[in-house]
Amino acid sequence: MRKATTQFVCAECGYTSPKWLGRCPDCGKFNTLAEEAVAPPATGKKQVSPLSFSKATPLKEVTYEKYERISSGISELDVVLGGGIVRGSLVLVGGDPGVGKSTLLTQVASHLAKAHRVLYLSAEESCSQVKLRCERLHADAGDMLLLNETCLENAEEEIGKAEYVIVDSIQAVYTNALTSAAGSVGQVRECAAKLMRIAKSQGITFFIVGHVTKEGTLAGPKVLEHIMDTVLYFEGERTENFKILRAVKNRFGSVQEVGVFEMTGEGIFGLTDYSALFLSDARGEAAGAVVTPSETGNRCMMVEIQTLMCKTAYGLPRRMSLGVDFNRLVVLIAVLEKRCGLNLSTQDVYLNAMGGIKLGEPSADLAVCAALASADRMAPVDKYTAVFGEVGLTGEVRGVNFAEKRVNECVKMGFQRVVLPEKNRKACEKFRDKIELVPVTYVSQMIKALFPPKKI
Ligand SMILES: Nc1ncnc2c1ncn2[C@@H]1O[C@H](COP(=O)(O)OP(=O)(O)O)[C@@H](O)[C@H]1O
Ligand SMILES: [Mg+2]
């Protein structure tokens, strides 16, 4: 009988099986078995000689090489990478289909091809499609090499000759070591591991495109992140022109950086003036819209939060949130009901952060509360008022970090009033002659400040 070269291993408990099973017999989880290559058994007994023991090195004697960085030709991308491309690193660029991964990497490849040997391994599109894209982008990529191949072993020779390799995409390539289909967890992991070995042994730099699965993770359950040096993630709605590139992991730089890009027919371009992108024209006229200075990756951007309330037709009220964590919205609604006396139990609530941006930090809490209060009262908030602060369950407003930077951005964008946590007031006093500061300790104070009771 032929010896099995692959086995199926449960990602949850490590159970191994010679064939695929839908449910792991050991831990009972479904769909967790992935194919893996079986390592050849070690031959003979391992001899451990005292001479082969590893020696520890004192820290002061450890030497290191300074990372050599080169520009990708797109300054926003360089910022996200932590100052440029590091030679011999593996960079994963993830995102939804159509977000612009191939476009961005085509532009990078054509820039690099001017001075280096660059291979574009296109497993998804034919060479002519890539060429058409290059022409559309007006990319001068005469010396770029194209290879349309899905089998990694067949492409290995060409990969070995290049300095920079773009793999588009990791889900479309496969290795002969496994029998499962391209795109399966086992294949993706094995292919990435193979590319990593090539990158580290031959000093080749890889840019790898990874599609995001339905669950929103890169190629299944984060199988790739630990192998990569840098993981970048493209955010943005397919219908919106601007996209945000965020570093999720970076061994050579900060993960605080983001890049803002605009997608046009001629390609994708870094935006330096991004401040007004996330604001609408209806601001100040329609109820339910409030602007907050949001700190996203070392950059402060003014983002408009829009809310809409409708009477619940029947049964449970609906809550829907885009751009703000759903659970956070539910908590803030509860705080408004209990601490500020709003009655939202018969209202459907819809929330949207403008421009498809995701607000991950708690400083948007107070602005969400302000937008909800504005929608509930049908009273618009002044166009030149910004709001920021974290909200606690007791209805208190907590201080946030980067308060000065936020107020400074409000001043820069021409805002005239900012509602901020009392705890941050002292740090922002210096802006007092440029902008009106409204410090608040409780959410109810913010509501009073924004919607003063009408005098009869
Ligand atoms: N011929 C074209 N003219 C203008 N824009 C195009 C054209 N083809 C594709 N695009 C734009 O480029 C985007 C696809 O970019 P692409 O880099 O292929 O995405 P991904 O590789 O992330 O799936 C599409 O969303 C579309 O808006
Ligand atoms: Mg693509």
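The protein has 10 helices and 23 strands; helices (H or I, at least four residues) and strands (E, at least two) are DSSP runs, numbered from the N terminus. This is a predicted model, in which local features need pLDDT of at least 70, side-chain atom pairs count only at pLDDT 80 or more, and totals for chains, interfaces and linings use all residues. Residues are numbered from 1 along each chain as its sequence is written, while chains are lettered from A and ligands numbered from 1 in the order in which they are written.

**The whole protein**

Begin with the complete model in view. Along the principal axes, its C-alpha atoms fill a box of roughly 95 × 55 × 55 Å. Of the 456 residues, 40% count as buried. A residue is buried if 20 or more other C-beta atoms lie within 10 Å of its own, exposed if 12 or fewer, and partly exposed in between, with C-beta atoms placed from the backbone. Among contacts with a separation of 6 or more, 64% are between residues 24 or more positions apart; two residues are in contact if their C-beta atoms, placed from the backbone, lie within 7 Å.

**Helices α2 and α3**

Select residues 101-112, helix α2, together with residues 127-136, helix α3. The two pack at an angle of about 80°, with their axes 10 Å apart. That makes α2 roughly perpendicular to α3. Axes are lines fitted to C-alpha atoms, for helices over the stretch in contact, and angles run from 0 to 180 degrees between N-to-C directions. Angles under 35 degrees count as roughly parallel, over 145 as roughly antiparallel, 65 to 115 as roughly perpendicular and the rest as oblique.

Show the side chains of the contact: Ser 102, Thr 106 and Ser 110 come from α2, and Val 130, Arg 133 and Cys 134 from α3. By class, this contact of α2 with α3 has two nonpolar, three polar and one charged residues. Ala, Val, Leu, Ile, Met, Phe, Trp, Tyr, Cys and Pro count as nonpolar, Asp, Glu, Lys and Arg as charged, and the others, Gly among them, as polar.

Remain on α2 and select His 111, which is found in this helix. His 111 counts as buried because it has 21 C-beta neighbours inside 10 Å. Apart from neighbours within four places in sequence, His 111 is in contact with Ser 72 and Gly 73.

**From β9 to helix α5**

Move to the peptide bond between Asp 168 and Ser 169, which is cis, with omega about 0°. Ser 169 is placed in the loop between β9 and α5.

Next, select helix α5, residues 185-202. At 1.5 Å a residue, its 18 residues should span 26 Å, and the end C-alpha atoms are 26 Å apart, which agrees. The expected span is 1.5 Å times one less than the number of residues in the helix. Buried positions of α5 include Val 185, Gly 186, Leu 195 and Ala 199. The buried residues of α5 pack against β3 (33-37), β6 (90-95), α4 (152-161), β9 (164-168) and β10 (205-211). Just after the helix, Gly 203 takes a positive phi of about 70°.

**Helices α7 and α10**

Select residues 365-377, helix α7, which has 12 of its 13 residues buried. Its first and last C-alpha atoms are 18 Å apart, close to the 18 Å expected.

The contact is made by Leu 366, Cys 369, Ala 370 and Ala 373 of α7 and by Val 443, Met 446, Ile 447 and Leu 450 of α10. These residues divide into eight nonpolar, no polar and no charged.

From Ile 447, look back to His 111: the two are 336 residues apart in sequence and 52 Å apart in space, C-alpha to C-alpha.

**Two residues with positive phi**

Return to the end of α7 and select Met 378, which follows that helix. Met 378 lies in the loop between α7 and β19 (385-387). Its phi is near 60°, a positive value in a residue other than glycine. With 10 other C-beta atoms within 10 Å, Met 378 is exposed.

The last stop is Phe 402, in the loop between β21 (397-398) and α8 (403-412). Phi of Phe 402 is near 55°, a positive value in a residue other than glycine. Phe 402 has 19 C-beta neighbours inside 10 Å and therefore counts as partly exposed.
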